[in-house]
Amino acid sequence: MKRLNQKRIYISSPHMSGNEISFIHEAFETNWIAPLGPHVTAFEQELASYTGAAAVSCVSSGTAALHLALILAGVERGDEVLCSSFTFAASANPIIYQGATPVFIDSEASTWNIDPELLEKAIQDRWARGKKPKALIVVHLYGMPAQLDRIVDICNHYNITLIEDAAEALGSKYKGKQVGTFGRMGILSFNGNKIITTSSGGALLANDPELCKKATFLATQARDNFPYYHHTHIGYNYRMSNILAGIGRGQLRVIDQRVEARRKIFFSYKKFFAAFPGVTLLEESDSSYFSNHWLTTIVMDPSKTSVTPDDLRLALEKENIESRPLWKPMHLQPIYKDCPAYVNGVSEHLFAHGLCLPSSSSLTDEDFERVTHCIQQVFQKG
Ligand SMILES: *Cc1c(COP(=O)(O)O)cnc(C)c1O
């Protein structure tokens with residue numbers, strides 16, 4: 001029987017700081033409820049200074065930001081765009097919005113992100129077939145930075161526009177620099193489950209302020225500078241509202257605490273799982289990597305333990321605790337089955353043997369106790 005008398009523990013819930021409400025009040029008092037407005041501009045500046053990006057454009061979602069990034073990279077019908085296979089579908093869907101074809105690349109075992117060697121092989125193979133991929137969407141999954149040095153070099157060498165999907169990785173760093181700022185463009189998400197949230201929202205980061213200007217123009221229906229409505233481009237209604245930007249400003253005030261809390265949860269799980277052979281966590285492989293540990297994720301080695309991720313998931317669910325399999329790779333998704341894919345078995349293995357655990361920054365010691373107690377019991381029975 002499911003124990004619904006116990007409070008549900010989620011994988012990742014919104015965690016308000018209390019600052020947000022004063023920014024919302026300010027928007028109400030000035031009647032600045034419409035999109036655009038002073039909170040949006042301020043949130044963009046604050047995000048730029050936090051991440052080190054040259055410019056930021058705030059939009060309605062991470063998906064919208066990726067769509068705009070592809071448009072700005074000049075991706076058109078018939079083009080090919082390289083993309084991490086091990087990710088959420090929102091990383092790849094905007095490629096289809098542009099009428100382009102995604103080419104999926106599998107992961108490396110150390111970061112779970114794009115395997116640079118396989119990436120280079122894939123590009124050479126595409127070239128040999130007379131195709132020159134225009135852009136690469138590299139994902140920093142679960143907050144873990146991809147191997148950016150190698151990936152930046154490869155993109156430069158083959159003249160490919162690098163777009164970083166840092167939706168899950170705000171606050172993560174590679175060699176001391178925030179992810180999302182290595183590529184020509186990067187995107188963030190402020191969806192309800194991310195490390196900070198505006199309830200829904202996203203941002204485009206760019207190393208060239210001109211790109212953000214263009215993104216903002218396209219996101220506000222591409223209205224040219226005339227007294228009447230005059231259009232020379234197809235526009236989108238992708239702008240972030242002033243109220244949501246106010247929430248974002250309140251959230252950004254506490255980003256360092258949120259990163260610290262998620263990292264602390266990760267290290268607590270790491271200590272806990274040390275007692276169980278066959279369980280490994282997604283860890284920073286060396287000091288080049290600093291993960292925000294958005295989610296703590298485990299993989300279970302079937303040759304070392306008879307307990308499966310599904311055993312854990314079902315036992316947790318009975319205790320009203322949420323957990324979830326890892327992302328199902330894009331090359332295994334029915335909708336993407338006909339797209340070119342360069343695979344090495346890594347993401348399939350992770351999908352088959354992995355699990356995401358409750359990792360909210362608001363997770364209490366008592367919650368953590370409930371989660372680990374339940375897991376411990378499964379292992380004792382197994
Ligand atoms: C959440 C997420 C997105 C999409 O962001 P939205 O704001 O929900 O549109 C894109 N990529 C990854 C990896 C994500 O986790």
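User: What makes the crossing of H3 and H7 right-handed?

Analyst: The rule looks at how the near helix is turned from the far one by less than a right angle: anticlockwise is left-handed, clockwise is right-handed. The crossing of helices H3 and H7 is right-handed. H3 spans residues 62–72 and H7 spans residues 209–219. Their angle is about 115°, and their axes lie 10 Å apart. Axes here are lines fitted to C-alpha atoms, for helices over the stretch in contact, with angles from 0 to 180 degrees between N-to-C directions. This is a predicted model: local features need pLDDT of at least 70, side-chain atom pairs need 80 or more, and totals for chains, interfaces and linings use all residues. Residues are numbered from 1 along each chain as its sequence is written, and side-chain values use heavy atoms, without hydrogens or water.

User: Which residues make that contact?

Analyst: Contact means heavy atoms within 4.5 Å. From H3 come Leu-68, Ile-71 and Leu-72. H7 supplies Leu-211, Lys-214, Ala-215, Leu-218 and Ala-219.

User: Is the crossing of H2 and H8 left-handed or right-handed?

Analyst: Left-handed. H2 packs on H8 (residues 242–252) at about 35°, with the axes 8 Å apart. Glu-46 is among the H2 residues in this contact, and Arg-249 and Leu-252 are among those of H8.

User: What makes the link between Glu-46 and Arg-253 a polar contact?

Analyst: A polar contact is a pair of N or O atoms within 3.5 Å; within protein, one must be able to donate a hydrogen and the other to accept it, and residues adjacent in sequence count only if both atoms are side-chain atoms. The side chains of Glu-46 and Arg-253 make one at 3.5 Å. Glu-46 sits in H2, residues 38–51. Beyond four places in sequence, Glu-46 contacts Arg-249, Leu-252 and Arg-253.

User: Why is Pro-14 called partly exposed?

Analyst: Buried means under 20% relative accessible area, exposed means over 50%, and partly exposed is in between (1.4 Å probe, protein chains only). Pro-14 has 49% relative accessibility, so it counts as partly exposed. Pro-14 lies in the segment before helix H1 (20–29). Not counting residues up to four places away, Pro-14 touches Gly-192 and Thr-197.

User: How do you know that the span of H5 is close to the one expected?

Analyst: The expected span is 1.5 Å times one less than the number of residues. H5 (residues 116–128) has 13 residues and reaches 18 Å, close to the expected 18 Å. A helix is a DSSP run of H or I with at least four residues; a strand is a run of E with at least two, and both are numbered from the N terminus.

User: What caps the N-terminal end of H5?

Analyst: Asp-115 does. A side-chain oxygen of Asp-115 lies 2.9 Å from the backbone nitrogen of Glu-117. After H5 comes Gly-130, with a positive phi near 80°.
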